[in-house]
Amino acid sequence: MDYDVKGHLHQVLDVLPEGVRLVAISKYHPNEYIEAAYAEGQRIFGESHEQELRQKHLSLPKDIEWHFIGHLQTNKVKYIAPYVTMIEAVDSLKLLREINKQAERCGRIIKVLLELHIAEEATKYGLTLDDCRELLEAGEWREMKHVRICGLMMMASLTDDSEQIRREMSTARDFFDEVKAKYFDAEADFCERSWGMSDDYPIALETGTTMVRIGTAIFGPRVY
Ligand SMILES: *Cc1c(COP(=O)(O)O)cnc(C)c1O
């Protein structure tokens, strides 16, 4: 392996304050890159394709916590439900229902984050703030015993305008506080704010992230 995963991993870990966890985004990177990070103690990895995740889950150490970070089609939930730790990008009630159903079949509780759509163009996925309010207000999620809503996830716009990124992340932060107070006040598990990627995680650290999702800055450019 000619890429210095260990060095890059530590550059990131060294600047993360206490209480902020790293999800190492390993999509499109080979097992040996993941093993190099694992050897340094990294245990949380994120993937965005079901088949790639399955291959890696089968061939890598079983104490890895896998986070599914991409857009997840409902018909794929059953494949990852037996082992995935967290599904980060829940963007519909339909998906939430399916995760609950498949987790129940496996006798598991799957942690999830609700994905917010705040960015102008980074992604077409995610719940608008009003969609998210509506989903929580409707309350069906309270009956879902096999999913645990642990917080919110978002991607900021792909832009060089750091003020715009800061605005978007601050909006997510304020929204977190709003729904925390209204729906999750008594729920210690609702505590995660997943934002910050390779290019914008320094801003995320200033806007209350608890979980950065970093790929390129650790593993180098992806070869698609
Ligand atoms: C790929 C991806 C990341 C990591 O992006 P980098 O720029 O490589 O750090 C983070 N979050 C999501 C949702 C992704 O799809």
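Q: How far from an oxygen atom of the ligand does a polar side-chain atom of Thr216 lie?

A: A polar contact is a pair of N or O atoms within 3.5 Å. In this predicted model, where local features need pLDDT of at least 70, side-chain atom pairs count only at pLDDT 80 or more, and totals for chains, interfaces and linings use all residues, the distance for Thr216 is 2.5 Å. Residues are numbered from 1 along each chain as its sequence is written, and side-chain values use heavy atoms, leaving out hydrogens and water.

Q: How much of the ligand does the protein bury?

A: Accessible areas come from the Shrake-Rupley method with a 1.4 Å probe; the ligand taken alone exposes 390 Å², of which the protein buries 90%.

Q: Which distances involve Lys27 and Gly215?

A: A polar side-chain atom of Lys27 is 2.7 Å from a ligand oxygen atom, while a polar backbone atom of Gly215 lies 2.9 Å from a ligand oxygen atom.

Q: Which residues are around the ligand?

A: A residue is near a molecule if one of its heavy atoms lies within 4 Å of it; among those around the ligand are Ile25, Ile69, Met153 and Arg222.

Q: What are the spans of the C-alpha trace along its principal axes?

A: They are about 50 × 45 × 30 Å for the protein.

Terms used. A polar contact is a pair of N or O atoms within 3.5 Å; within protein, one must be able to donate a hydrogen and the other to accept it, and residues adjacent in sequence count only if both atoms are side-chain atoms.
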